[in-house]
Structure formats: C-alpha cells, structure tokens
Number of protein chains: 2
Amino acid sequence: MIKKLNHVAIAVPDMDKAIAQYKNQLGAEVGEVKDLPDHGVTTVFVNVGNTVIELLHPLGDNSPIAKFLEKNPNGGMHHLCYEVDNINEAAQKLKADGARVLGEVKTGAHGKPVLFMHPKDFSGTLIELEEV
Amino acid sequence: MIKKLNHVAIAVPDMDKAIAQYKNQLGAEVGEVKDLPDHGVTTVFVNVGNTVIELLHPLGDNSPIAKFLEKNPNGGMHHLCYEVDNINEAAQKLKADGARVLGEVKTGAHGKPVLFMHPKDFSGTLIELEEV
C-alpha cells in the first residue's frame, strides 16, 4: 500500500539553528521558509537526496506541535509521512485492520489529502499518509 | 555532504507486532529478522520504496536501545542514518563546526564505517553517518 517515504518531520525549537545544522553542517539543500498559519506551523523542506526532511516550528497560539516541543525541548522526530494512491481506501483498510485513524481525511500542509494514524498502533511512530 | 537517507531506525517493543504493522497493515516489503549480538539488537529491514525502515529490538543484557524503550515503552523513532562518501572527512568537518561526535568511527550493524552525532546538536535527532 505505501509507495514511498514522502518526508520525515522534525519539530525544532529554533528554526535558524536547525537550518544551519542541515545546510552548513550536513551540507544539504534547504528550501524556503514558509508560514502555514492554517496549520499552525512554519516549515522548511530539506532535500536529502532520496526523500525530504520537513523542519517544523510552531506558529500561532494553537500549534499542533507546541505540546511536543514542551515535552521535547531540544526538538525531535515528530512523524513519518508515507505516500499512498488512494487515501480513502487506505483509511478503510487500516480501520478494518483495527488501526486507529486520528480524525478525518484533511487537506495537508502541502495541499494534498492526508490523514494521521495513532502512534500506539505503529510502534510509537506517528504516521501520516498522503495521497500523491 | 550527506548523499541520501539510508534508513530511519525505529525501536520497537514487540518485533512480531511491528512486522505485522508494516507488512500487513501498511503493505510494505519486510526482510528477514537478523540477530546482531555484537550490536545488542535484533533487526529487520522494511523496504518503503525510496529508503528503508530499520526495526530494532533489544538483544542481550547491554542493548544500546534498552534505555530508549524504558523511556518510550510503545517504541519510537530512534535515529536517522545519512550516507556520506568519507566518514573521517565528515567527522573532521562536523567537529570543526562544533558538533559533537559520539565516540569513534566504528563498524556499524551493516558492516560499514559509521559514527553517531549528538542529538542536542541536531535539533533533538540522533544522527548516524554511514560511509557508503
């Protein structure tokens, strides 16, 4: 069902430092900083060759990653996003298998249909599925 | 410097359940279970198309992931491994940039030279570099 790893999302407490770590220290190609107020995050994509690292920093008062950074003040890996062909079929299959879908299919930060799966059903990893 | 994401390592409390999550629920191609007593882990590689998920379970009394699972009993993402051309050059550059290398260059779980970088210097993410 999953086709590829679209991105690894990392929540970071200091976006400028995180960009410097990836750009200057690891020598990766870092894109533009984008504010996504509807999603409560500022994001930057880092091209690491075969996939993308998405750096996330909270934006606004109700950021979905604020609590994660309270618990992990140094930052940390937040979720993995896998691509699927059909998000509704994926959701149905996973629900039938007993996995918990968090909420409904929504339009994700990249304008495509996404949904999140409960981390307790995937060995402690928050999994995003994106229809691509 | 980094060329590609070699793998995402996920520490899991129950290898059979984790394999079922990736194989049956997410429909990914799961390899053979391998015990690596020298590294204190049992591993399985999951092919997710453009990269690999490495599932890790503790093996023996001094597993390097035992403490991680004590703190994260459901499991969780443990590290990211990036490929580099030359591990010694990479280590020198990173040290010169002020990043902390954990220990020395060693032979990793896949028989290649690896080193680990301090997560506090990379926004809370433990980073492995592997010479490939």
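Mentor: The following dialogue takes up the fold, the packing, the pairing of chains and one residue in turn.

This is a predicted model, in which local features need pLDDT of at least 70, side-chain atom pairs count only at pLDDT 80 or more, and totals for chains, interfaces and linings use all residues. Residues are numbered from 1 along each chain as its sequence is written, chains are lettered from A and ligands numbered from 1 in the order in which they are written, and side-chain values use heavy atoms, with hydrogens and water left out.

Trainee: How many helices and strands are there in chain A?

Mentor: Helices (H or I, at least four residues) and strands (E, at least two) are DSSP runs, numbered from the N terminus. Chain A has 3 helices and 9 strands, and from the N terminus on their order is β-α-β-β-β-β-α-β-α-β-β-β.

Trainee: What radius of gyration does chain A have?

Mentor: The radius of gyration is taken over C-alpha atoms, and the globule rule is 2.2 Å times the number of residues to the power 0.38. For 132 residues a compact globule would have a value near 14 Å, and the 15 Å of chain A agrees with this. The C-alpha trace of chain A spans about 45 × 30 × 25 Å along its principal axes.

Trainee: What percentage of the residues of chain A count as buried?

Mentor: Buried means under 20% relative accessible area, exposed over 50%, and partly exposed in between (1.4 Å probe, protein chains only). In chain A, 49% of the 132 residues count as buried.

Trainee: Where is Glu104(B) found, and is Glu104(B) buried or exposed?

Mentor: Glu104(B) lies in strand 7 (residues 101–107) of chain B. With a relative accessible area of 60%, Glu104(B) is exposed. Contact means heavy atoms within 4.5 Å; leaving aside neighbours within four places in sequence, Glu104(B) is in contact with Val114(B) and Leu115(B). The C-alpha atoms of Glu104(B) and Phe116(B), 12 residues apart along the chain, are separated by 8.4 Å.
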